Amino acid sequence: MDASAAVGSGPVVVAGAGYAGLHVALRLTARLRGGPETELVLVDRHDYHQVLTELPRVAGGTRAAGAVRIPLQDVLAERVRFVLTEINGFDLPGRWLLTAGGPIGWRRLVLALGSRPNDFAIPGLAQRALSLYSASDAERVWAAVNKALMAAAAAAGPERQRRLATVVVGGAGATGVELAGELAEVLPEVASRHGLTPGRHAVLLVEAGPTILAGSSPQLIVKATRILGDLGVQVRTNAAIAAATEEGFRLTDGGLVEGGVFVWAGGVKAPDLVADSELPTGHNGRVKVDQYLRVLDHPDIYVAGDLASVTDPRTGHVLPPLAQVALEEGETVARNLAAELNGRPLQALTFHDKGFVVSVGTRRGVADIAGITTGGHLAHLLKDAIEWEYRQSVKHLRGWDPVAR
Ligand SMILES: Cc1cc2nc3c(=O)[nH]c(=O)nc-3n(C[C@H](O)[C@H](O)[C@H](O)COP(=O)(O)OP(=O)(O)OC[C@H]3O[C@@H](n4cnc5c(N)ncnc54)[C@H](O)[C@@H]3O)c2cc1C
């Protein structure tokens, strides 16, 4: 039997050009080189890929938003047809991706739509707090910080100045810690530029759980806490937010956290359009898949990245929403699509944990790699190196396709 006939006709459609989706498109192009002619379509609402891991730097004004948007036309091979449109839903029985530009039929669909900020239905949070999930979000945070410090400089009385010049970050996971550290490092300079009296600005990190960076090793948490302390970040753990009001974050114990800028980095969930579909979903709306990353009961649909709910058989835990996981899942999906198209057997995902690195401020960081914890300048260099290597890999993958040269 012709292998490609076994998977039907029509294009392979990749929904989402983030870490997972872009990786699938680039790797599949390389894998199909010289193989059966297969139409490959990549769909995204933006014509650029966003390097989300660098957003805290944009929010802290140390990197331009444009620098974290990689134009897709610079990295995609010619055989990938890119469609710039908003995806609105799915017709699963008919195999149609429903978009603002009209339906797109699939032979195989790869869902790689990432995450959305999760406000856990806390009243007022979505309206009153900024989020950090795109380059535009990060620009908004940086603009709000500048506006608040300017307003603080012009305000009467030290108390009012202090309130306006306080940035409150909700959620002390990796994103919250990176953002708080980055802001604490740059705020003194920004405050002085706006003419604010020294010592009036502050960064508060508010966390519902008993620790920052939950799930990390105790050594890493100690090192990160120490660096945050050095930077003057005020960390409040066991402080669950009950509501975001005009006065600030109201905590479940009745306390009030006041400030001039509020950012929510307390968690992510699957995009609503997936929750509204008939796809089988689990924790935080992520789509349940088999070991080959195909949706349960929908073998024509693969899921990769934050959207996939994948249990690591070695730990029994669902893999976290991280870029390194998205890339490995993208690799598995590209390999399995190529296998299907070439009539070969599928391979299960095996995740190789490369470790955990978090920047804390503009010069220091913490890292847990192969059981060794480091903190300080070296860990920050490591983070820089990972981001540099990622950007290189995107360019390099394009280079694998002769059509693209
Ligand atoms: C501030 C921040 C810092 C982070 N730092 C790290 C880090 O240091 N290390 C790490 O490993 N991970 C980090 N992460 C997590 C990492 O960025 C994600 O795990 C990764 O982006 C997931 O990749 P993905 O392909 O699933 O989704 P994404 O990269 O988010 O891509 C999803 C794509 O789908 C598109 N899309 C979504 N909905 C639609 C729609 N309806 N129509 C059209 N297009 C759509 C989006 O435009 C986007 O291009 C960080 C995340 C954030 C927000």
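Analyst: Two strands pair if DSSP finds at least two bridges between them. This model is predicted. Keep both points in mind as we read the sheet.

User: How many bridges join S6 to S7?

Analyst: Four bridges join them, and the two strands run antiparallel.

User: How many residues lie between S6 and S7 in the hairpin?

Analyst: Four residues lie between these strands. Look at arginine 95 in that turn: its phi is positive, about 60°.

User: Over how many bridges do S7 and S8 pair?

Analyst: Two bridges, in the antiparallel sense. Strand S7 covers residues 96-99. Leucine 97 has isoleucine 104 in S8 as its bridge partner.

User: What is the order of the three strands in the open sheet?

Analyst: The order is S6-S7-S8, with antiparallel pairing. Strand S6 (87-91) and strand S8 (104-105) each have a single partner strand, so one side of each is left without a neighbour in the sheet.

User: On to the ligand. Which of the 30 residues around the ligand come nearest?

Analyst: Ala20, Asp44, Ile87, Asp306 and Lys383. By class, the shell holds 16 nonpolar, nine polar and five charged residues.

User: How much of the ligand's accessible area does the protein cover?

Analyst: On its own the ligand has 1000 Å² of accessible area, and the protein covers 91% of that. Helix H2 (19-31), helix H3 (55-59) and helix H11 (323-341) are the elements that give two or more residues to the shell. H11 gives the most, with three residues.

User: How is empty space found?

Analyst: A probe the size of a water molecule, rolled over the atoms, shows where empty space is left. Here, the second largest pocket has about 260 Å³ of space. It is lined by 16 residues, with Gln291, Val310, Thr311, Pro313 and Leu349 the closest to its centre.

User: How does the lining of the second largest pocket divide by class?

Analyst: Eight residues are nonpolar, four polar and four charged.

Note on methods. Residues numbered from 1 in each chain as written. Predicted model: local features only at pLDDT ≥ 70, side-chain atom pairs only at ≥ 80, totals over all residues. Heavy atoms only, no water. Near = heavy atom within 4 Å. Areas by Shrake-Rupley, 256 points an atom, 1.4 Å probe, with all protein chains shown as cover. Nonpolar A, V, L, I, M, F, W, Y, C, P; charged D, E, K, R; others polar. 1 Å grid on protein atoms, 1.4 Å probe; cavity = no way out; pocket = protein on both sides within 12 Å on 5 of 7 lines; lining within 4 Å. Points joined across faces, edges and corners; volume = space filled by probe spheres on them.
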